[in-house]
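Subject: Structure for you to look at

Hello,

Here is the structure I said I would pass on. Please open it first; my notes follow below.

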Amino acid sequence: MAKTLVAYYSLTGNTKLVAESIFGALPDDKTIKPMAEAGDLAPYALIFAGFPVQTHSVPYPAEVFLRSVPEGKKIALFSTHGSVTGSRLSREALEHASVLIAGAKLLGTFSCRGKVSMKALEVLMQSPEHEAWADMAASAATHPDASDLEDARSFARWIATLGAQGHYRGL
Ligand SMILES: Cc1cc2nc3c(=O)[nH]c(=O)nc-3n(C[C@H](O)[C@H](O)[C@H](O)COP(=O)(O)O)c2cc1C
């Protein structure tokens with residue numbers, strides 16, 4: 001029975017890449033799965049849950065997964081986004097996600113930029129509600145890069161240590 005689950009939702013592969021880096025940095029007794037295939041979460045002591053920011057928020061399939069996280073479960077959240085790291089837009093979705101897992105113990109969060117597919121960009125540029133981040137999206141083209149993935153591995157090691165110690169700091 002695996003102790004740590006890395007669950008991700010990813011449309012174009014960016015979040016999956018980050019999930020795989022997190023997974024690689026974790027100690028043994030772990031499993032990685034798309035959120036839709038995660039199944040019963042009860043056996044896991046710690047869950048990493050990752051998603052791409054969509055329309056400033058959490059995509060619906062990830063929302064369904066996050067709402068299903070059992071009360072008291074230790075969890076860490078991660079996301080990828082086209083907008084600049086640290087911007088309000090990039091934080092909003094993680095804040096929303098932390099509300100969805102309200103009963104769980106949030107150990108920490110991580111996010112980095114992820115390239116936006118040309119197809120998505122073309123559609124998004126036409127909708128006024130996306131103007132706020134669509135301009136920034138072009139410069140995300142090289143992400144997640146080696147440095148992002150190294151940061152993700154550091155995050156994973158830090159959370160694994162916190163989880164083992166039983167610490168809980170919230171957002
Ligand atoms: C429909 C759609 C909506 C998006 N909305 C946002 C957004 O509001 N803010 C943002 O920073 N990035 C947004 N993005 C960019 C994605 O978050 C980014 O490309 C992400 O890394 C994709 O991850 P994935 O490859 O795992 O699907 C959007 C992308 C798509 C396709």
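In which helix does alanine 152 lie? Alanine 152 is part of helix H6. Helices (H or I, at least four residues) and strands (E, at least two) are DSSP runs numbered from the N terminus.

Two remarks on the source. The model is predicted, so local features need pLDDT of at least 70 and side-chain atom pairs count only at pLDDT 80 or more, while totals for chains, interfaces and linings use all residues. Residues are numbered from 1 along each chain as its sequence is written.

Helix H6

Alanine 152 has 26 C-beta neighbours inside 10 Å and therefore counts as buried. For that label, 20 or more other C-beta atoms must lie within 10 Å of the residue's own; with 12 or fewer it is exposed, in between it is partly exposed, and the C-beta atoms are placed from the backbone. Setting aside neighbours within four places in sequence, alanine 152 is in contact with Val18, Ser21, Ile22, Phe110 and Cys112. Contact here means that the C-beta atoms, placed from the backbone, lie within 7 Å. Alanine 120 is 32 residues away from alanine 152 along the chain, and their C-alpha atoms are separated by 25 Å.

H6 covers residues 146-165, and its 20 residues should span 28 Å at 1.5 Å a residue; the end C-alpha atoms are 29 Å apart, which agrees. The expected span is 1.5 Å times one less than the number of residues. Besides Ala152, the buried residues of H6 are Asp148, Phe155, Ala156, Ile159, Ala160 and Gly163. Seen down the helix axis, the buried residues fall within an arc of 135 degrees, so they line one face of H6. The arc is taken from the directions that lead from the helix axis to the C-beta atoms. Ala146, Ser147, Glu150, Thr161 and Gln165 are exposed on the face turned away from the buried side. The buried residues pack against helix H1 (14-25) and strands E3 (46-52), E4 (74-81) and E5 (105-113).

Strand E4 and its partners

Eight of the eight residues of E4 are buried, so the strand is largely enclosed by the rest of the structure. On one side these are Lys74, Ala76, Phe78 and Thr80, and on the other Ile75, Leu77, Ser79 and His81. E3 and E4 run parallel and are joined by seven bridges; two strands pair if DSSP finds at least two bridges between them. Isoleucine 47 has isoleucine 75 of E4 as its bridge partner. From E3 the chain crosses through helix H2 (residues 60-67) to E4, in a right-handed β-α-β crossover. Right-handed means that, with the strands pointing away from the viewer, the path from the first strand over the helix to the second runs clockwise.

E4 and E5 also run parallel, with eight bridges between them. Leucine 77 stands opposite threonine 109 of E5. E4, helix H3 (residues 88-100) and E5 form a right-handed β-α-β unit.

In H3, the buried residues are Ser90, Ala93, Leu94 and Ala97. They cover an arc of only 95 degrees around the axis, which puts them on the same side of H3. Arg88 and Val99 are exposed on the other side. H2, E4 and E5 are what the buried residues of H3 pack against.

The cores

Which residues have the most contacts inside the largest nonpolar core? They are Ala7, Ile22, Ile47 and Ile75, in a core of 42 residues. A nonpolar core is a set of buried Ala, Val, Leu, Ile, Met, Phe, Trp, Tyr and Cys residues joined through C-beta atoms within 7 Å. Strand E1 (4-8), H1, E3, H2, E4, H3, E5 and H6 each supply at least two residues of this core. Another core, of five residues, lies apart from it and includes Val116, Trp133, Ala134 and Ala137.

Backbone details

The peptide bond from histidine 143 to proline 144 is cis, with omega near -5 degrees. Proline 144 sits in the loop between helix H5 (131-137) and H6. Aspartate 29, in the loop between H1 and strand E2 (30-34), has a positive phi near 75 degrees without being a glycine. Threonine 55, in the loop between E3 and H2, is likewise not a glycine and has a positive phi of about 50 degrees.

Regards

How values were computed
Two residues are in contact if their C-beta atoms, placed from the backbone, lie within 7 Å.
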